[in-house]
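Dear colleague,

Here is the structure I said I would pass on. My notes follow it.

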Amino acid sequence: MVDGIRLRDGRWLTVEEYGDPDGSPVVLLHGTPGCRFGVVPRDVVATRPGVRFIAYDRPGYGGSDRRPGRRVADAARDVAELADHLGLGRFAVLGRSGGAPHALACAALLPSRVRRAAALVSLAPPDAPELNWFAGMARSNSEEYTRALTDPLAFAERLAARAADIRSDPAQLLVSLRDGLTDSDRRIVADPAVTDMLLRTYREALRTSAYGWLDDNLALLSTWGFDPASVPRPVLLWHGARDTFSPVGHFEWLADRIPRARPVLDPDAGHFGAIRALPAVLDWLCPEPAS
């Protein structure tokens, strides 16, 4: 089901639900760039009949109105309004890549509603003490983040041009990622179901503008608006040790500071290994009730 809600501040938030409408609710926080299509592949959805998946486009992506100057913490307010609209009491959150910090924000700021959270291949905050933020990062990502910090106007123009190219050929984004992909990442991305999900995601995410992409990057590189050490809920942190988009140092920093973290490090996986980890992650997020 595709729908949306009008938020209290007047913005439109595009929402899609799939899976079991009576199942255990999981709110999905997509990657960067991304949209509501880009977290859980359809074949994984089909094997989880007891889960109600709720996905939305973050502001500026797909069909959702932009919110200039948003912070990572602002995702919690949007998710709370979405949950109110759907009549949800308690729910789980799952974020992958650029969505993972937003999932942590929900767990930190909505402790009475978020049961459990999963943050897969997450970045750490840019002001993380004692963390060399760029260590181990792919050159393409390091250069992009540096450009965003030092010349945001040029960065915005570059993203707008890239978004226009990707609208005409979404596969270009996959090609541009190659210098950071491990061999295992390449095998995962080559899977037809994953390729279809990613291309559909990029096409929808950037179909009107690059604003969501721009605002995501600026939010991830700015003060998040909450302290990961304040997250009171159980959090599954999943990471691939060979990840060069979100280097393993970020995972280690978060694992050391989130009080109820359950860290899982796959020694052979890269960034896209998180897609293969989804079935086990969902089993942890939505455990079957004891008989």
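Which residues in helix 4 meet which residues in helix 5? Glu144, Arg147, Ala148, Leu149 and Thr150 of helix 4 meet Pro152, Phe155, Arg158, Leu159 and Arg162 of helix 5, where contact means heavy atoms within 4.5 Å. By class, this contact has five nonpolar, one polar and four charged residues.

This is a predicted model, in which local features need pLDDT of at least 70 and side-chain atom pairs count only at pLDDT 80 or more, while totals for chains, interfaces and linings use all residues. Residues are numbered from 1 along each chain as its sequence is written, and side-chain values use heavy atoms, with hydrogens and water left out.

Helix 4 (residues 139–150) packs against helix 5 (residues 152–168) at an angle of about 130 degrees, and the axes are 6 Å apart.

Leaving aside neighbours within four places in sequence, Phe91 is in contact with residues including Pro25, Val27, Leu110 and Arg113.

Glu16 lies in strand 2 (residues 12–19). Glu16 is buried, at 12% relative accessible area (buried means under 20%, with a 1.4 Å probe and protein chains only). The side chains of Glu16 and Arg36 are joined by a polar contact of 3.3 Å (a pair of N or O atoms within 3.5 Å, one able to donate a hydrogen and the other to accept it).

Regards

Terms used
Helix = DSSP H or I, 4+ residues; strand = E, 2+ residues; numbered from the N terminus. Buried < 20%, exposed > 50% of the residue type's maximum accessible area, 1.4 Å probe, protein only. Axes fitted to C-alpha atoms, helices over the stretch in contact; angles between N-to-C directions. Nonpolar A, V, L, I, M, F, W, Y, C, P; charged D, E, K, R; others polar.
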